[in-house]
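Here's a quick walk through one model, starting from a couple of residues and working out to the whole chain. Keep the viewer open as you read.

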Amino acid sequence: VPGHLAVQGCGGIEALAARAFANREQCCLGLAARACERERFFLMDIQFPCGREDIERVLPHRDPFVWMTRVVECTPGESIAAELDVAPGASMEGELDVPADLDIFRGHFPDHPVLPGVIIMEALAQAASFCALVDRADEGVLGFFAGIDKAKFRNQVLPGDVLTLSARIVKSSSRMVVADVEARVGDKVCATATQKYVLARSEE
């Protein structure tokens with residue numbers, strides 16, 4: 001019967017509309033929850049200098065591969081100054097305590113312990129990533145090395161040194177960050193480079 005079919009058709013349309021509305025509501029609720037979480041992240045009240053707890057609110061790194069414990073000063077999205085302390089028991093702001101008997105030093109090198117250049121580059125990358133991510137309302141973002149250009153190592157970093165980490169963001173977008181970085185001990189420059197990072201979520 002045409003009328004009966006029409007009623008069935010209307011019922012089908014109503015059911016489809018109801019399901020679509022429910023799905024839309026669920027989607028909106030999901031987006032709203034994510035927006036609230038992003039807003040909460042964006043509104044984190046981080047004051048500088050800051051310590052390890054705040055660093056781990058921004059960076060995904062955890063032990064045994066966190067190479068900052070304090071940030072001395074930071075202009076989010078522009079520049080940062082932090083320090084890595086290559087000695088036990090130090091308490092200066094912007095330092096990372098790295099015990100002199102760390103396994104790295106036992107093997108690099110047994111008779112002449114030197115902080116490896118790759119660790120210096122990683123510490124600089126963490127400082128630059130903190131600077132780039134601290135003012136982004138986007139939790140769960142990871143920074144992956146995309147390139148290291150013009151890297152130079154000028155002086156060794158030894159146990160007992162305090163390594164200052166500086167980074168200046170020269171390019172920043174939703175997917176890519178470029179930073180000029182420098183590591184120094186006192187007034188001696190130990191390493192410089194231009195580093196590039198790709199930003200992505202862990203599930204991507």
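Gln195 sits in strand β6, which spans residues 188–201. This is a predicted model, so treat what follows as computed from it. Is Gln195 buried or exposed? With a relative accessible area of 0%, Gln195 is buried, because the cut-off for that label is under 20%.

Ala179 counts as buried because its relative accessibility is 0%. Setting aside neighbours within four places in sequence, Ala179 is in contact with Gln195, and also with Ala193, Thr194 and Tyr197. Other contacts of Ala179 include Arg168, Ile169 and Val170, plus Ala128. For a sense of distance, Ala179 and Ala132 are 47 residues apart in sequence, yet their C-alpha atoms are 9.2 Å apart in space.

Here are the two residues side by side.

| Residue | Strand | Relative accessibility |
|---|---|---|
| Gln195 | β6 (residues 188–201) | 0% |

Now for empty space. Rolling a probe the size of a water molecule over the atoms shows where there is any left. How many cavities of 30 Å³ or more does a search of the whole structure find? The search turns up 1, and the largest cavity holds about 30 Å³ of space. Its lining is made up of Ser129, Ala132, Leu133, Val177, Tyr197 and Leu199. By type, the lining splits into 5 nonpolar residues, 1 polar and no charged.

Zooming out, the chain has 4 helices and 6 strands, in the order α-α-β-β-α-α-β-β-β-β along the sequence. Of its 204 residues, 36% are buried. Among contacts with a separation of 6 or more, 61% are between residues 24 or more positions apart. The accessible surface of the chain is about 11500 Å², and carbon and sulfur atoms account for 57% of that.

Terms used
Residues numbered from 1 in each chain as written. Predicted model: local features only at pLDDT ≥ 70, side-chain atom pairs only at ≥ 80, totals over all residues. Heavy atoms only, no water. Buried < 20%, exposed > 50% of the residue type's maximum accessible area, 1.4 Å probe, protein only. Contact = heavy atoms within 4.5 Å. Helix = DSSP H or I, 4+ residues; strand = E, 2+ residues; numbered from the N terminus. Areas by Shrake-Rupley, 256 points an atom, 1.4 Å probe, with all protein chains shown as cover. 1 Å grid on protein atoms, 1.4 Å probe; cavity = no way out; pocket = protein on both sides within 12 Å on 5 of 7 lines; lining within 4 Å. Points joined across faces, edges and corners; volume = space filled by probe spheres on them. Nonpolar A, V, L, I, M, F, W, Y, C, P; charged D, E, K, R; others polar.
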